[in-house]
Amino acid sequence: MSRHPEVKWAEREDLVYLTVLLPDAKNPKVNLDPEGVFTFSATAGTDNNLYELKLNLHDKVNVEESKINIGVRNIFCVLEKAEKKWWKKLLRGDEKVPHYVKVDWDKWVDEDDDTGPADFDMGGMDFSKFGDMGGLGDDAMGDDLEDSDDEELEVEKPEEKTADKAEGETSDLKAESVPSS
């Protein structure tokens, strides 16, 4: 039996943002159909539980211009709408929004507040195009698993000034700043 990952969504006039929240997803498979069918599957957790998702989006999307970033904590998708218009809701028809799909208030903009392109920080994410992904295999997350966000940076301490040196600099400054008569 499969489980459903938590999904957050937001939209702009020309885009829909989908974030699948599934830390340490293994073998993620993401597919986007031009008709607006978004599917996802992966395993995660200590028991390698299967997580699956299928969303029938409100309208058609442009697969070639849509992008995806598979990260360690989530899968972030920027879906280009086929028609530049606001959707009334995320899912088509009378489908009730599942309990695991929530609004992403961090990315949300109301229709009358939308002034143009998204202004939130993408955090230097490496986006791949859906069309270029082919089949996501075992190395879908790349070779960057060895990199850690917890790495400590080496920071050099500034040289400490001795009291004599600091006093000498102070008196030099005073001497230079006194106008000569």
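**Exercise 1.** Which residues form one aromatic cluster?

Solution. This is a predicted model, in which local features need pLDDT of at least 70, side-chain atom pairs count only at pLDDT 80 or more, and totals for chains, interfaces and linings use all residues. Residues are numbered from 1 along each chain as its sequence is written, and side-chain values use heavy atoms, with hydrogens and water left out. Rings of Phe, Tyr and Trp (its six-membered ring) pair if their centres lie within 6.5 Å, and planes under 30 degrees apart count as stacked, over 60 as edge-to-face and the rest as tilted. The cluster consists of Trp9, Trp105 and Trp108.

**Exercise 2.** Characterise the pair formed by Tyr17 and Phe76.

Solution. By the ring rule, the count comes to three aromatic pairs. Tyr17 and Phe76 make a stacked pair, with 6.1 Å centre to centre and 10° between the planes. Because Tyr17 lies in strand β2 (residues 15-21) and Phe76 in strand β7 (residues 74-81), the pair ties together parts that are 59 residues apart in sequence; strands here are DSSP runs of E, at least two residues, numbered from the N terminus. Both Tyr17 and Phe76 are buried, that is, under 20% relative accessible area with a 1.4 Å probe, protein chains only.

**Exercise 3.** Describe the sheet that contains β4.

Solution. Two strands pair if DSSP finds at least two bridges between them. Three strands form an open, antiparallel sheet in the order β3-β4-β5, whose edge strands, β3 (26-32) and β5 (49-56), each pair on one side only. Five bridges join β3 to β4 (residues 37-44), and Lys26 has Thr43 in β4 as its bridge partner.

Note on methods
Helix = DSSP H or I, 4+ residues; strand = E, 2+ residues; numbered from the N terminus. Buried < 20%, exposed > 50% of the residue type's maximum accessible area, 1.4 Å probe, protein only.
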